[in-house]
Amino acid sequence: MTCALTYDLVVSWDTELTALTTRIAGPLFTRPEPRQAFADLVRALLADVPRKNSWQLADHIGHATANRFEHLLDRAKWDVDALRDEVRSYLLAHLGRADGVLIADDTSAIKKGDKSVGVAGQYCGLTGQVENCQVMPMLTYASEVGHAFVNRRLYLPEAWANDGERRARAGVPEQVVFRTKPQLVADMLAEELAAGTLFRYLCADSGYGRDPHLRAFCHEHAVGYVMAVPTDLPLVALRGGTEPAGHALDRLLALGQAGIWERRSCGTGTKGMRVYDWTALAVTVAGQPPAPGYAHTLLIRRSVAAPGEVELFLAHAPAGTPVPELIDAAGMRWKIEENNEHGKDLLGLTQYQVRKWTPWHRHVTIAMLALAFLTVMRAALPTGADAAGDEGKDHLLLEAPAG
(Lines give C-alpha, C1' and ligand atoms only; values in the text may rest on other atoms or scores of the structure.)
Protein backbone atom coordinates (compact mmCIF):
# COMPACT_ATOMS: atom_id res chain seq x y z
CA MET A 1 0.00 0.00 0.00
CA THR A 2 1.24 3.47 -0.86
CA CYS A 3 0.63 6.67 1.05
CA ALA A 4 -2.77 8.15 0.14
CA LEU A 5 -1.48 11.53 -1.03
CA THR A 6 -4.27 13.48 -2.73
CA TYR A 7 -4.68 17.04 -3.95
CA ASP A 8 -7.39 17.65 -1.35
CA LEU A 9 -5.09 16.42 1.44
CA VAL A 10 -2.30 18.77 0.32
CA VAL A 11 -4.74 21.70 0.20
CA SER A 12 -6.01 20.83 3.67
CA TRP A 13 -2.47 20.97 5.05
CA ASP A 14 -1.94 24.39 3.50
CA THR A 15 -5.20 25.60 5.00
CA GLU A 16 -4.22 24.25 8.42
CA LEU A 17 -0.80 25.93 8.23
CA THR A 18 -2.27 29.28 7.28
CA ALA A 19 -4.84 29.05 10.07
CA LEU A 20 -2.16 28.12 12.61
CA THR A 21 0.28 30.90 11.75
CA THR A 22 -2.51 33.48 11.48
CA ARG A 23 -3.93 32.55 14.88
CA ILE A 24 -0.52 32.65 16.58
CA ALA A 25 0.76 35.78 14.84
CA GLY A 26 -2.32 37.86 15.67
CA PRO A 27 -1.58 38.51 19.37
CA LEU A 28 2.18 37.99 18.99
CA PHE A 29 2.87 40.99 16.75
CA THR A 30 1.43 44.51 16.69
CA ARG A 31 2.26 45.22 13.03
CA PRO A 32 1.32 43.34 9.84
CA GLU A 33 4.89 43.19 8.48
CA PRO A 34 6.31 40.87 11.16
CA ARG A 35 3.10 38.82 11.08
CA GLN A 36 3.66 38.12 7.38
CA ALA A 37 7.40 37.52 7.86
CA PHE A 38 6.60 35.03 10.63
CA ALA A 39 4.15 33.09 8.44
CA ASP A 40 6.63 33.15 5.54
CA LEU A 41 9.47 31.86 7.72
CA VAL A 42 7.44 28.93 9.07
CA ARG A 43 6.38 28.03 5.52
CA ALA A 44 9.97 28.31 4.25
CA LEU A 45 11.29 26.06 7.04
CA LEU A 46 8.77 23.43 5.93
CA ALA A 47 9.94 23.66 2.32
CA ASP A 48 12.62 21.65 0.53
CA VAL A 49 15.41 24.23 0.85
CA PRO A 50 18.96 22.80 0.78
CA ARG A 51 20.42 25.13 3.40
CA LYS A 52 17.94 26.77 5.74
CA ASN A 53 19.68 30.04 6.54
CA SER A 54 17.90 33.37 6.22
CA TRP A 55 19.14 34.07 2.69
CA GLN A 56 18.12 30.76 1.14
CA LEU A 57 14.81 30.73 2.99
CA ALA A 58 14.10 34.26 1.78
CA ASP A 59 15.02 33.33 -1.78
CA HIS A 60 12.67 30.33 -1.67
CA ILE A 61 9.74 32.37 -0.40
CA GLY A 62 10.33 35.15 -2.97
CA HIS A 63 11.88 37.90 -0.86
CA ALA A 64 14.50 40.02 -2.63
CA THR A 65 16.76 39.99 0.46
CA ALA A 66 16.92 38.31 3.87
CA ASN A 67 16.12 41.60 5.65
CA ARG A 68 12.58 40.67 6.66
CA PHE A 69 13.63 37.41 8.29
CA GLU A 70 16.68 38.98 9.92
CA HIS A 71 14.53 41.80 11.34
CA LEU A 72 11.98 39.27 12.64
CA LEU A 73 14.67 37.26 14.42
CA ASP A 74 16.67 40.18 15.81
CA ARG A 75 15.17 43.66 16.03
CA ALA A 76 11.39 43.15 15.93
CA LYS A 77 9.64 43.41 19.30
CA TRP A 78 7.84 40.21 20.27
CA ASP A 79 7.81 37.67 23.09
CA VAL A 80 9.50 34.40 22.10
CA ASP A 81 8.36 32.65 25.28
CA ALA A 82 4.77 33.45 24.33
CA LEU A 83 5.45 31.58 21.08
CA ARG A 84 6.92 28.68 23.06
CA ASP A 85 3.70 28.60 25.09
CA GLU A 86 1.66 28.50 21.88
CA VAL A 87 3.73 25.56 20.62
CA ARG A 88 3.03 23.74 23.87
CA SER A 89 -0.71 24.47 23.77
CA TYR A 90 -0.96 23.36 20.15
CA LEU A 91 0.88 20.09 20.82
CA LEU A 92 -1.07 19.22 23.95
CA ALA A 93 -4.38 19.96 22.26
CA HIS A 94 -3.57 17.30 19.65
CA LEU A 95 -1.13 14.92 21.37
CA GLY A 96 -1.84 15.32 25.08
CA ARG A 97 -2.52 12.07 26.93
CA ALA A 98 -2.50 11.16 30.62
CA ASP A 99 0.23 8.59 29.91
CA GLY A 100 2.39 11.02 27.91
CA VAL A 101 6.05 11.49 28.78
CA LEU A 102 8.54 14.32 28.75
CA ILE A 103 11.95 13.40 27.35
CA ALA A 104 15.11 15.40 28.05
CA ASP A 105 18.26 15.34 25.94
CA ASP A 106 20.70 17.83 24.49
CA THR A 107 21.75 18.35 20.91
CA SER A 108 24.68 20.28 19.49
CA ALA A 109 25.34 22.78 16.72
CA ILE A 110 28.95 22.86 15.49
CA LYS A 111 29.99 26.47 14.85
CA LYS A 112 33.06 28.37 13.68
CA GLY A 113 34.64 31.19 15.62
CA ASP A 114 33.88 32.34 19.15
CA LYS A 115 31.24 35.05 18.67
CA SER A 116 28.03 32.99 18.58
CA VAL A 117 26.37 32.98 22.00
CA GLY A 118 27.35 29.96 24.10
CA VAL A 119 29.82 28.55 21.59
CA ALA A 120 32.85 26.93 23.17
CA GLY A 121 35.07 23.89 22.98
CA GLN A 122 32.84 21.33 24.70
CA TYR A 123 31.52 17.80 24.34
CA CYS A 124 29.48 17.41 21.17
CA GLY A 125 26.94 14.62 20.99
CA LEU A 126 27.09 14.68 17.18
CA THR A 127 30.70 13.51 17.06
CA GLY A 128 31.27 12.11 20.54
CA GLN A 129 34.25 14.37 21.13
CA VAL A 130 35.11 17.95 22.05
CA GLU A 131 34.10 20.40 19.31
CA ASN A 132 33.61 24.13 18.96
CA CYS A 133 29.85 24.07 19.34
CA GLN A 134 26.69 25.24 21.05
CA VAL A 135 24.80 22.80 23.28
CA MET A 136 21.01 22.89 23.42
CA PRO A 137 19.13 20.96 26.14
CA MET A 138 15.70 20.17 24.68
CA LEU A 139 12.46 18.76 26.04
CA THR A 140 10.16 16.59 23.90
CA TYR A 141 6.55 15.72 24.63
CA ALA A 142 5.60 12.24 23.47
CA SER A 143 2.42 10.15 23.57
CA GLU A 144 1.07 7.28 21.51
CA VAL A 145 -0.12 9.87 18.97
CA GLY A 146 3.23 11.55 18.22
CA HIS A 147 6.14 13.51 19.62
CA ALA A 148 7.73 16.94 19.17
CA PHE A 149 9.78 19.53 21.06
CA VAL A 150 7.89 21.42 23.74
CA ASN A 151 10.68 23.43 25.41
CA ARG A 152 14.29 24.49 24.87
CA ARG A 153 17.33 26.03 26.50
CA LEU A 154 20.75 27.24 25.36
CA TYR A 155 23.55 26.04 27.61
CA LEU A 156 25.84 28.91 28.59
CA PRO A 157 29.26 27.59 29.70
CA GLU A 158 30.82 29.15 32.79
CA ALA A 159 33.39 31.00 30.65
CA TRP A 160 30.50 32.73 28.91
CA ALA A 161 28.35 33.22 31.99
CA ASN A 162 31.19 34.98 33.82
CA ASP A 163 32.36 37.17 30.91
CA GLY A 164 30.46 40.46 31.04
CA GLU A 165 31.85 41.78 27.76
CA ARG A 166 30.91 38.68 25.75
CA ARG A 167 27.50 38.59 27.37
CA ALA A 168 26.84 42.21 26.44
CA ARG A 169 27.87 41.67 22.80
CA ALA A 170 25.60 38.62 22.54
CA GLY A 171 22.68 40.27 24.33
CA VAL A 172 22.52 37.75 27.19
CA PRO A 173 19.95 39.02 29.74
CA GLU A 174 21.29 40.02 33.14
CA GLN A 175 19.13 37.47 34.97
CA VAL A 176 20.70 34.56 33.06
CA VAL A 177 23.35 32.86 35.20
CA PHE A 178 25.37 29.69 34.83
CA ARG A 179 23.22 26.57 35.05
CA THR A 180 24.31 23.00 34.44
CA LYS A 181 22.47 21.07 31.77
CA PRO A 182 20.51 19.03 34.35
CA GLN A 183 19.59 22.29 36.10
CA LEU A 184 18.30 23.67 32.81
CA VAL A 185 16.17 20.54 32.40
CA ALA A 186 14.81 21.05 35.94
CA ASP A 187 13.98 24.66 34.99
CA MET A 188 12.07 23.47 31.93
CA LEU A 189 10.35 20.78 33.97
CA ALA A 190 9.21 23.45 36.44
CA GLU A 191 7.72 25.42 33.53
CA GLU A 192 5.85 22.36 32.30
CA LEU A 193 4.45 21.71 35.78
CA ALA A 194 3.34 25.34 36.07
CA ALA A 195 1.69 25.13 32.63
CA GLY A 196 -0.22 21.97 33.59
CA THR A 197 1.44 19.81 30.93
CA LEU A 198 -0.12 16.35 31.11
CA PHE A 199 2.57 13.67 31.51
CA ARG A 200 3.34 10.61 33.60
CA TYR A 201 7.14 10.28 33.42
CA LEU A 202 10.30 12.19 32.68
CA CYS A 203 12.70 10.12 30.57
CA ALA A 204 16.39 10.83 29.94
CA ASP A 205 19.77 9.24 29.34
CA SER A 206 22.39 8.71 32.04
CA GLY A 207 23.86 12.18 31.56
CA TYR A 208 20.73 13.45 33.28
CA GLY A 209 19.76 10.37 35.29
CA ARG A 210 23.04 10.44 37.19
CA ASP A 211 22.44 14.00 38.45
CA PRO A 212 21.20 13.88 42.09
CA HIS A 213 19.81 17.42 41.94
CA LEU A 214 17.53 16.65 39.01
CA ARG A 215 16.35 13.48 40.77
CA ALA A 216 15.79 15.48 43.98
CA PHE A 217 13.64 17.97 42.06
CA CYS A 218 11.49 15.10 40.84
CA HIS A 219 11.19 13.64 44.34
CA GLU A 220 10.23 17.02 45.80
CA HIS A 221 7.52 17.59 43.18
CA ALA A 222 6.32 13.95 42.99
CA VAL A 223 7.37 13.65 39.35
CA GLY A 224 7.67 10.12 38.03
CA TYR A 225 10.76 9.32 35.99
CA VAL A 226 12.51 6.50 34.17
CA MET A 227 16.09 7.60 33.48
CA ALA A 228 19.20 5.70 32.51
CA VAL A 229 21.78 5.71 35.30
CA PRO A 230 25.47 4.75 35.57
CA THR A 231 26.66 1.61 37.32
CA ASP A 232 28.14 3.72 40.14
CA LEU A 233 24.74 5.05 41.27
CA PRO A 234 24.90 4.66 45.09
CA LEU A 235 22.29 2.29 46.51
CA VAL A 236 21.67 1.18 50.08
CA ALA A 237 23.24 -2.28 50.39
CA LEU A 238 21.31 -5.28 51.67
CA ARG A 239 23.47 -5.53 54.79
CA GLY A 240 23.81 -1.81 55.42
CA GLY A 241 26.13 0.82 54.00
CA THR A 242 26.08 1.65 50.33
CA GLU A 243 27.04 -0.09 47.12
CA PRO A 244 27.06 0.91 43.45
CA ALA A 245 24.13 -0.19 41.33
CA GLY A 246 26.52 -2.31 39.30
CA HIS A 247 26.88 -4.69 42.27
CA ALA A 248 23.17 -5.51 42.10
CA LEU A 249 23.65 -6.31 38.44
CA ASP A 250 26.68 -8.48 39.22
CA ARG A 251 24.68 -10.48 41.74
CA LEU A 252 21.91 -11.12 39.23
CA LEU A 253 24.35 -12.14 36.53
CA ALA A 254 26.13 -14.45 38.99
CA LEU A 255 22.89 -16.36 39.48
CA GLY A 256 23.09 -17.44 35.87
CA GLN A 257 19.37 -18.20 35.81
CA ALA A 258 17.41 -17.67 32.63
CA GLY A 259 14.29 -17.15 34.71
CA ILE A 260 15.39 -13.75 35.98
CA TRP A 261 15.03 -12.28 32.49
CA GLU A 262 11.88 -11.50 30.57
CA ARG A 263 12.02 -10.70 26.87
CA ARG A 264 9.92 -7.67 26.05
CA SER A 265 9.58 -5.01 23.39
CA CYS A 266 9.97 -1.40 24.45
CA GLY A 267 8.58 0.10 21.26
CA THR A 268 9.09 0.15 17.52
CA GLY A 269 12.23 1.61 15.97
CA THR A 270 13.34 2.18 12.39
CA LYS A 271 14.32 -1.52 12.12
CA GLY A 272 11.20 -2.95 13.74
CA MET A 273 10.37 -3.98 17.30
CA ARG A 274 13.05 -3.06 19.84
CA VAL A 275 13.28 -6.26 21.87
CA TYR A 276 15.51 -6.74 24.93
CA ASP A 277 15.80 -8.97 27.96
CA TRP A 278 14.67 -7.17 31.12
CA THR A 279 14.74 -7.72 34.85
CA ALA A 280 13.87 -5.44 37.75
CA LEU A 281 14.31 -5.13 41.50
CA ALA A 282 13.19 -2.72 44.19
CA VAL A 283 16.04 -0.53 45.44
CA THR A 284 16.72 2.26 47.92
CA VAL A 285 18.82 5.12 46.58
CA ALA A 286 21.36 6.30 49.14
CA GLY A 287 20.39 9.66 50.62
CA GLN A 288 17.46 10.16 48.22
CA PRO A 289 14.12 8.86 49.46
CA PRO A 290 11.32 8.83 46.90
CA ALA A 291 8.29 11.08 47.09
CA PRO A 292 5.55 9.96 49.54
CA GLY A 293 3.67 7.05 47.99
CA TYR A 294 6.42 6.46 45.42
CA ALA A 295 9.11 3.78 45.17
CA HIS A 296 12.38 3.28 43.31
CA THR A 297 12.89 0.37 40.92
CA LEU A 298 16.11 -0.55 39.14
CA LEU A 299 15.45 -1.81 35.61
CA ILE A 300 18.21 -3.80 33.92
CA ARG A 301 18.11 -4.12 30.14
CA ARG A 302 20.23 -6.71 28.32
CA SER A 303 20.84 -6.97 24.59
CA VAL A 304 19.45 -10.12 23.02
CA ALA A 305 22.19 -10.28 20.40
CA ALA A 306 25.04 -9.30 22.75
CA PRO A 307 24.16 -10.36 26.32
CA GLY A 308 27.23 -8.56 27.68
CA GLU A 309 25.69 -5.20 26.72
CA VAL A 310 23.49 -3.97 29.55
CA GLU A 311 21.98 -0.64 30.59
CA LEU A 312 20.52 0.40 33.93
CA PHE A 313 17.44 2.56 34.43
CA LEU A 314 16.19 4.05 37.69
CA ALA A 315 12.42 4.39 37.90
CA HIS A 316 10.58 6.65 40.35
CA ALA A 317 6.90 5.80 40.24
CA PRO A 318 3.86 5.33 42.50
CA ALA A 319 4.27 2.22 44.64
CA GLY A 320 2.82 -0.82 42.92
CA THR A 321 3.35 0.46 39.37
CA PRO A 322 3.64 -2.58 37.06
CA VAL A 323 7.15 -3.17 35.72
CA PRO A 324 5.90 -3.42 32.08
CA GLU A 325 4.68 0.18 32.36
CA LEU A 326 8.17 1.27 33.45
CA ILE A 327 9.74 -0.65 30.57
CA ASP A 328 7.40 1.07 28.11
CA ALA A 329 8.45 4.44 29.53
CA ALA A 330 12.14 3.54 29.21
CA GLY A 331 11.53 2.77 25.55
CA MET A 332 10.18 6.26 24.88
CA ARG A 333 13.57 7.93 25.36
CA TRP A 334 14.70 7.40 21.77
CA LYS A 335 11.89 9.59 20.41
CA ILE A 336 13.75 12.80 21.23
CA GLU A 337 16.64 11.54 19.09
CA GLU A 338 14.21 11.35 16.19
CA ASN A 339 13.08 14.91 16.93
CA ASN A 340 16.70 16.07 16.95
CA GLU A 341 17.31 14.36 13.63
CA HIS A 342 14.19 15.68 11.92
CA GLY A 343 14.63 19.15 13.40
CA LYS A 344 18.12 19.39 11.96
CA ASP A 345 17.74 17.51 8.68
CA LEU A 346 14.27 18.68 7.68
CA LEU A 347 13.62 21.97 9.43
CA GLY A 348 16.97 23.76 9.81
CA LEU A 349 16.93 23.65 13.61
CA THR A 350 20.68 24.35 13.79
CA GLN A 351 21.25 25.95 10.37
CA TYR A 352 20.80 29.47 11.68
CA GLN A 353 23.32 32.26 11.08
CA VAL A 354 22.47 34.24 14.21
CA ARG A 355 24.95 35.03 16.97
CA LYS A 356 22.90 36.66 19.72
CA TRP A 357 20.74 35.32 22.53
CA THR A 358 17.34 36.58 21.36
CA PRO A 359 17.68 35.60 17.67
CA TRP A 360 18.84 32.12 18.72
CA HIS A 361 15.74 31.57 20.84
CA ARG A 362 13.48 32.96 18.13
CA HIS A 363 14.89 30.76 15.36
CA VAL A 364 14.82 27.59 17.46
CA THR A 365 11.28 28.22 18.72
CA ILE A 366 9.96 28.89 15.20
CA ALA A 367 11.60 25.63 14.09
CA MET A 368 9.83 23.94 17.03
CA LEU A 369 6.52 25.25 15.71
CA ALA A 370 7.30 23.82 12.26
CA LEU A 371 8.05 20.42 13.79
CA ALA A 372 4.87 20.58 15.88
CA PHE A 373 2.87 21.25 12.71
CA LEU A 374 4.41 18.24 10.94
CA THR A 375 3.72 16.06 13.97
CA VAL A 376 0.08 17.09 14.23
CA MET A 377 -0.49 16.65 10.49
CA ARG A 378 1.17 13.25 10.68
CA ALA A 379 -1.10 12.21 13.55
CA ALA A 380 -4.13 13.24 11.48
CA LEU A 381 -3.29 10.91 8.59
CA PRO A 382 -5.80 8.07 8.25
CA THR A 383 -4.83 4.62 9.47
CA GLY A 384 -2.93 2.79 6.75
CA ALA A 385 -1.62 5.96 5.11
CA ASP A 386 1.76 5.33 6.73
CA ALA A 387 2.65 2.26 4.70
CA ALA A 388 5.64 4.02 3.15
CA GLY A 389 7.28 4.08 6.60
CA ASP A 390 7.97 6.76 9.19
CA GLU A 391 10.79 8.46 7.33
CA GLY A 392 8.88 8.50 4.06
CA LYS A 393 5.85 10.10 5.69
CA ASP A 394 7.85 12.85 7.33
CA HIS A 395 9.44 13.74 3.99
CA LEU A 396 6.00 13.74 2.38
CA LEU A 397 4.67 16.15 4.98
CA LEU A 398 7.69 18.34 4.48
CA GLU A 399 6.95 18.79 0.80
CA ALA A 400 3.23 19.34 1.03
CA PRO A 401 2.75 22.74 2.71
CA ALA A 402 5.09 24.61 0.38
CA GLY A 403 3.89 23.01 -2.83
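I started with strand β1, residues 101–110, and found it joined to β3 by 10 bridges, the two running antiparallel. I am working from a predicted model.

Leu102 has Tyr141 of β3 as its bridge partner.

Next I looked up strand β2, residues 120–124. I found 5 bridges between β2 and β3, again in the antiparallel sense. For a reference point I noted Tyr123, whose bridge partner in β3 is Val130. I also checked the connection: β2 and β3 make a hairpin, with 4 residues between the strands. I noted a positive phi of about 75° at Gly128 in that turn.

I moved on to strand β4, residues 147–152. It pairs with β3 over 5 bridges, antiparallel. I came back to Tyr141 here, and its bridge partner in β4 is Ala148. I recorded β3 and β4 as a hairpin too, with 4 residues between them.

How many of the 14 residues of β3 are buried? I got 11, so to speak a mostly covered strand, spanning residues 129–142.

Last, I turned to helix α12, residues 323–330. Which of its residues are buried? I listed Leu326, Ile327, Ala329 and Ala330. I looked down the axis of α12 and found these buried residues within an arc of 160°, so they line one face of the helix. I set a general point beside this: an α-helix has 3.6 residues a turn, so residues three or four places apart point the same way.

How values were computed:
Residues numbered from 1 in each chain as written. Predicted model: local features only at pLDDT ≥ 70, side-chain atom pairs only at ≥ 80, totals over all residues. Heavy atoms only, no water. Buried < 20%, exposed > 50% of the residue type's maximum accessible area, 1.4 Å probe, protein only. Pairing = 2+ DSSP bridges. Arc of directions from axis to C-beta.
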